[in-house]
Structure formats: structure tokens, C-alpha cells
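Colleague: I'd like to go through the labels on this model and see what stands behind each one. Can you take me through them?

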Amino acid sequence: MKDSFFRSMTWLHTWVGLLVCWLLYLIFFAGTLSFFRDEITLWNQPAIHNVQAQTQRIEAQKQQIITGFDYLANHGANSSSWRITLPEPRIPYLIYGYAKPKELGQRRSKFENTQLNPNTMQELEPFVDTKGGNFFYRLHYDLHYMDAITARWIVCFASFFMLIAIISGVVIHKRIFKDMFSFRRNKGSRTWLDAHNLSSVLALPFHLMITYTGMITLIFMLFPYPAQTSYDNGMRGFFNDVTPRNTMTDKAQGESSMVPIQSILDQVYTKWPHADITRIQVNQPNMAASTITVLVSAGKTLRDQAPRLIFSGATGQMVAKTDDELTSSKALYESLNSMHTGRLATWLLRWLYVLGGIAGCVMIGSGCIMWAKRIRERTKNNVKPSFGLKLVEGLNLATIMGLPLATCAFFIANRLLSPTTAERADKEILAFFLTWLAVALLALIKRDTLQWRVMAAINAVACLSVPVINALTTNGNIVSYLMHKQWALFTFDALFLLFSILFFIQTEKLRTAKNNSKIISPSQSNNLKRQKP
Amino acid sequence: MQAPLHSAPFDKVNVIALMVKSVSSYRVLVFLRFFIAIIGGYAFTSASTALLSFVLPIAKQDAVLFSVSISILIYAVVFIYAFSVKSLKTVWISILLSTGAFISLLALLKGWV
Amino acid sequence: MIDLLGFSLCLLSFNCFALAKYNHFKDVFKKRPTESQRKELLLAAWISILLSLVLCIVTQGGYGALLFCGFMSLSVLIIMVFYNFLVSYVKWFSVLNSVLIVLSGLFSALN
């Protein structure tokens with residue numbers, strides 16, 4: 001019985017893993033980049049490169065909010081909604097925005113935003129149209145060019161298979177702790193097995209956590225049934241129950257002047273003396289039913305829903321708030337969600353998350369390469385490789401080498417497209433997918449060591465060109481970032497240089513590797529992975 | 001009913017290709033097992049979490065949040081179970097029966113019938 | 001600095017875990033460990049890993065457990081690199097590790 005359990009788990013691990021590994025690689029790749037979502041957006045938006053972080057960020061918030069209310073009262077008096085987004089440690093600028101009248105066919109009205117430098121309170125240069133880090137963030141669960149809900153179901157399916165592959169992987173890796181620190185070099189598929197085992201074991205808690213919590217973030221799409229049975233009006237009833245809402249003055253009719261924002265801020269600071277306010281939203285300003293929502297940072301607690309207070313704009317009375325103390329079920333759910341997003345992680349934890357993400361990419365990548373290599377090694381020289389093997393090898397090359405190149409193309413397009421290009425953000429994304437498609441087409445033709453070498457060389461050049469093109473097209477470059485202590489931008493460029501070097505090393509290794517054309521990739525290849533900042 | 005699934009790791013694909021007869025039955029068995037694991041597991045999880053959220057003696061929103069938080073765990077356990085038990089018949093019967101039992105219990109409690 | 005202490009404790013722990021294995025001990029010290037040496041190493045490993053966990057959770061709250069998982073990943077990676085590619089430096093590395101613990105511990109205690 002035990003033996004058959006072991007064998008069925010081996011079978012399950014192989015096939016479940018192989019079925020979804022390329023999609024998972026994409027999810028892990030884009031998800032890892034999403035940990036640097038704000039930094040990528042910063043890099044993509046040269047207008048905010050020179051905004052210095054404030055020295056007294058929290059102390060300045062009160063004045064920024066008061067100024068913002070004056071600004072919005074003058075500019076958006078008839079708007080249906082106002083929003084003040086305050087600078088955060090990773091997002092250095094300030095936004096005052098009001099909703100424009102809803103156009104026909106729009107689900108939500110667009111916002112007219114004014115971005116300011118919080119140090120000088122001067123308006124920033126116009127922003128270029130780019131999705132920035134949000135592109136990768138959306139890509140990792142909404143994919144692209146397809147309906148978001150369908151995409152989320154596909155992603156959930158792949159994630160669930162990932163979870164199954166992890167569990168069955170732990171079962172079949174009998175010597176999990178025995179071999180923990182061993183790595184056999186230059187042993188062909190053995191080396192890939194060790195790379196696979198090591199990258200899985202070293203970040204095993206991370207892999208389990210990120211896969212499980214990833215599905216939890218979409219759980220109400222996956223399993224709406226508990227909410228539907230417990231609440232008579234289904235999901236809507238449930239959400240109304242969980243999110244704090246104004247039920248005291250929402251029926252009030254007519255116009256009404258707003259209370260001074262000062263009095264509302266006083267209430268906030270009385271409740272939370274050290275509040276780090278992240279955003280203020282005003283719904284239906286200048287109406288009797290208006291509400292002012294103050295969101296604060298959750299700080300060190302594991303909470304995904306930002307703690308908030310909701311005030312009536314007409315009376316200044318507090319009408320709703322989030323719970324100060326979460327019940328244990330809520331705390332469980334909230335902590336699962338916030339573990340996945342790591343929104344408030346410190347820079348140290350963020351880098352450890354990235355390490356886990358890279359380990360995940362290595363785990364998935366080495367897994368699919370290992371499958372192809374093993375089948376290759378078993379195939380006799382005179383037997384033609386099966387279609388399945390060719391397909392797997394092609395997909396391996398296309399995803400593992402194509403994604404980094406596509407990412408480079410995305411950033412290069414960001415710098416080279418003129419700021420006035422129509423639908424600029426979409427064209428950046430088009431550059432991403434066209435590059436990926438090109439690599440996939442090349443992988444159709446040939447998948448041998450030479451092709452891997454060519455792709456590695458192209459990747460090395462592409463990675464190198466990102467900081468170079470940045471230096472040529474913007475005022476800053478990697479040296480000036482270092483001099484002016486612009487660490488986010490410096491790290492971004494430095495990582496591209498680092499990956500350029502790694503790809504170059506890979507090219508060299510592939511050249512010196514045993515020239516066995518039957519083997520798709522070198523036995524010596526570095527297990528340092530082709531992952532981008 | 002000795003599922004060939006267990007004796008067919010990937011290195012035996014070629015051997016299997018020779019035995020055309022067993023190919024079809026092997027594929028059918030794999031399909032049936034994946035079907036019960038994915039669809040049956042989903043149904044089992046949905047039914048059990050719905051029932052759980054309804055019977056837990058805590059506030060409604062807490063019950064819902066707790067049951068959705070553990071739903072993936074339940075699903076994963078059922079999935080692994082579906083692949084670890086040798087007899088496909090046992091898997092199908094146990095999952096269908098328990099799901100049916102959960103749904104009828106829920107229907108009884110909610111007064112759907 | 002308290003993070004560094006947590007991390008270096010975690011690193012020490014995995015260092016001890018690795019040394020407690022016959023093949024790695026042999027690589028480093030050119031002889032087999034005695035049974036009591038292995039037991040001591042394992043004990044030291046467990047104590048320091050628990051200390052690291054407690055430290056992370058006490059100082060960082062909810063994010064501490066995540067930080068600890070990250071520390072474990074990084075430690076295993078570093079230990080793997082040293083024991084497979086840089087075996088001759090393991091002794092120096094262990095000394096550096098202990099110095100880090102003492103320094104960061106002193107620093108945290110003084111502040």
C-alpha cells in the first residue's frame with residue numbers, strides 16, 4: 001500500500017506539474033516582479049524620478065490634506081467623488097483627484113488627477129501613459145488579451161495543480177532533509193534534479209504559503225457557496241456585512257456644505273495619535289449624504305483591508321469604521337491575504353519574498369527542463385523524438401528564455417516610444433507580447449543547445465541595453481542614481497546589469513558544455529536563474 | 001480494477017504505446033480519476049464548506065470567512081485522496097456519497113425541501 | 001540590527017544542521033564526527049533556530065513569521081553554496097557567523 005501510494009504520488013507530481021508548468025512559470029515570474037510594482041512604476045515614469053522622499057512624511061500629511069481639500073473645492077466642486085492619495089515610502093508623490101462626469105458606456109468614471117511634488121507642492125511634469133508595475137501585477141492573475149474572469153479561473157486551476165504538485169513532491173522526495181545541503185555538479189539530469197529539489201526545499205514554506213494564499217485572494221470567485229448559503233442575498237449581503245458602510249446618513253437628501261476637514265482630522269488623530277494616513281476619499285462632496293473615508297496604513301499587523309474611519313461630510317460625525325480587533329476567523333482570512341500581497345513588507349522582507357519567487361521560478365523551470373532531458377536521455381538515437389517531447393522542449397525554450405526578453409522589450413519600449421504616442425501603454429504591452437511571440441516562433445524551428453545559446457546571448461544584450469537606453473533617454477543614469485542615493489532606480493538598473501552578466505555567463509557555459517546536440521541545454525548551466533528585477 | 005495508473009510512470013510511455021488495448025483503458029482510467037479529483041473534489045469542497053459556514057455557531061461573516069479560508073485545504077486533501085486510493089470505485093463512491101450527504105443535510109437545514 | 005541577529009542565528013542553526021551530517025563534517029574537518037559531537041551540533045542547531053523564530057515574532061509581530069521563513073530560505077541557500085562550492089572557507093565562514101551573532105547581539109542589547 002505504501003509503495004503504491006508513493007508511486008501514485010510520483011505519477012501525479014510529474015503529470016500535474018508538467019501540464020501547467022509554463023503557465024505557472026509566467027505567474028511566478030510576473031508575480032515576483034509584482035513585489036517591485038511601485039519601483040517598476042517609478043522607473044517607467046521619468047517625471048517622478050527626481051522627487052525626493054520627504055524627511056517628515058507623516059508630519060506633513062495634515063497640511064497636505066487641508067491644501068488638497070481647498071484645491072478640490074475649487075476645481076471639482078461638482079464632481080461626484082474626490083480622492084487624495086498621500087505619499088507612501090515607496091510612492092513619493094501626492095495626488096489630488098476628482099471624478100470626471102461619467103461618459104456613456106463607462107462602468108466607473110475616470111479621475112482628473114493632479115500629481116504634486118510633496119516637498120515643493122509644485123505640479124509634476126505630465127506623466128507618460130504607462131501601466132508600469134501594474135502590468136505585471138495584472139498579468140500574474142488576469143493574464144492579458146482575454147476575459148479577466150476566465151483568466152482568473154485558469155490561474156486558479158494552475159495554482160491548485162501547483163499546490164498538488166508541491167504536496168506530492170514533498171511525499172516523493174524521501175530524502176528531503178537528508179540531502180538538504182547537497183548539490184551534485186556536472187551530472188546531467190542529476191544536476192537538474194538537485195537544482196529542482198534545492199529550490200523547492202529551501203523556499204518550501206514560501207511556496208506553500210504563496211500558492212495557498214494566492215487562491216485565497218480569489219476565493220470568493222472559486223467558492224462563493226458558503227456566502228451564498230449563509231446570506232439570503234448572497235455575495236452582496238456578505239460583502240455589505242464585512243465592509244464598513246455609512247448607513248446613518250446615506251438616505252439624506254439635498255445639498256449641504258462640508259464640515260472643515262480639520263475637525264475630521266482631529267477625530268482621526270484622537271483615535272490614532274500616530275496615524276499614517278494613506279488616502280482620503282470623499283463621496284458626493286457638498287451633498288447631505290456625503291461621506292469622507294480616511295484610510296490609514298495597517299503598519300505591522302497582518303491586515304489586507306486598510307483600517308478606515310468613515311465620517312459624514314455634512315455633520316462631521318463618525319458613521320462607520322473597521323473593527324479595531326479582528327475576530328479570529330477574520331484575522332485568519334486577512335492574514336492569508338496580506339501574506340500573499342506583502343504590501344507593507346519592509347525592504348528586507350520584500351527581498352526575501354523575491355528570493356522565494358526566484359526559487360519558485362527555478363523550481364518550475366528546472367522541473368520542466370528535467371522532464372525533457374530525461375526523456376531525451378532515454379530516447380535511442382535512431383528513434384525520432386515524439387511530438388510531445390518536441391512540444392515540451394519548445395515551450396521550455398519559449399517560456400524560460402522568452403519571458404526575460406519580453407520584459408526587457410517592455411522596458412525598452414517604455415523609453416523609446418514617444419510620450420505623445422496614442423494608446424502608449426497598450427503599445428508597451430504589445431512590445432512585450434510580440435517579443436515573446438518571436439521567441440516562441442524561433443523555438444518552433446529549433447530547440448537545440450545552439451538555440452539556447454543564441455537566446456542567452458540575445459537576453460544578455462537586451463538586459464544590458466535597458467540601463468544604457470535609460471541613460472540615453474532620461475536625465476539620470478546608474479551613476480547619477482548612486483550619487484543622489486536614488487536607491488530604487490539604482491537597484492533597477494544594477495539588477496539589469498547583473499542579469500546581463502548572468503546571461504553572458506550562461507552563453508559561455510553553453511559554449512563549453514559537452515557538445516551533445518541531443519541534449520537541449522547544458523548540464524553545466526548555471527542554476528542562477530534568469531529572473532528580472 | 002488494478003489501476004494501471006500506478007504502474008505507469010512516465011518512462012513507460014513507450015511500452016504502453018505498444019499495447020493499444022491497455023492504452024484506451026489506461027486513458028479512460030486516468031480521465032475518470034482526474035474527473036473525480038477535480039470535479040468531485042470541487043463539489044465535495046463546495047458542499048462541505050457551505051454546510052460548515054451554515055452550522056458553525058459563530059457570527060455569520062466569521063463562519064463564511066473561516067470556511068473559505070480552509071476550503072483550499074479541504075480540496076487539496078480530497079484531490080490527494082482521489083489519487084492515493086487504489087480502487088477507483090471506492091474513490092467515486094466515497095466522494096459522491098459524502099457530497100450527497102452534505103447537500104441533503106444542507107437542504108434539510110435550509111428548508112429547501 | 002535585531003534582524004541581523006535573527007538572521008545570523010538562523011544561519012548558525014543551518015550551519016550546525018549541515019555539520020551534523022557525516023559527509024559534510026568529513027568535508028570540513030577531514031574526520032568523522034563522534035556521536036556526542038553530532039548530538040551537540042543538533043542541539044545547538046535546534047536552540048538557535050528556535051531563538052531566531054522567537055526573536056522574529058517578538059520584534060516583528062505578524063510579519064515576523066514570514067521574515068523567519070525568508071531567513072530560513074536565505075540561510076539554506078548560503079549554506080548550500082558554502083558546503084558545495086567553497087568547502088575550504090566553511091571554517092572562516094563559521095567564525096564570521098559567530099562574530100556576527102555576538103556583535104549584533106551586543107548592539108541590540110545596548111540599544
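Colleague: Why is A:T449 called buried?

Modeller: Because A:T449 has 21 other C-beta atoms within 10 Å, and a residue is buried if 20 or more other C-beta atoms lie within 10 Å of its own, exposed if 12 or fewer and partly exposed in between, with C-beta atoms placed from the backbone. So A:T449 counts as buried. This is a predicted model, where local features need pLDDT of at least 70, side-chain atom pairs count only at pLDDT 80 or more, and totals for chains, interfaces and linings use all residues. Residues are numbered from 1 along each chain as its sequence is written, and chains are lettered from A and ligands numbered from 1 in the order in which they are written.

Colleague: Which helix is A:T449 in?

Modeller: A:T449 sits in α16 (residues 449-473) of chain A; helices are DSSP runs of H or I with at least four residues, strands are E runs of at least two, and both are numbered from the N terminus.

Colleague: What makes β4 and β8 of chain A edge strands?

Modeller: The open sheet has eight strands, in the order β4-β3-β2-β1-β5-β6-β7-β8 (chain A), with antiparallel pairing. β4 (122-123) and β8 (318-321) of chain A each have a single partner strand, so one side of each has no neighbour in the sheet.

Colleague: How do you know that β7 and β8 of chain A pair?

Modeller: Two strands pair if DSSP finds at least two bridges between them. Strand β7 (residues 308-312) of chain A has three bridges to β8(A), running antiparallel, so by that definition they pair. As an example, A:I310 has A:A320 in β8(A) as its bridge partner.

Colleague: What packs on the sheet near β7 of chain A, and at what angle?

Modeller: Helix α11 (residues 261-271) of chain A touches β6 (291-296), β7 and β8 of chain A, and its direction makes about 150° with that of β7(A). Angles run from 0 to 180 degrees between N-to-C directions, with axes fitted to C-alpha atoms, for helices over the stretch in contact.

Colleague: How many residues meet between chains B and A?

Modeller: Chain B gives 33 residues and chain A gives 34, where contact means C-beta atoms, placed from the backbone, within 7 Å. The largest share of chain B's side, 18 residues, comes from α3(B).

Notes:
Contact = placed C-beta atoms within 7 Å.
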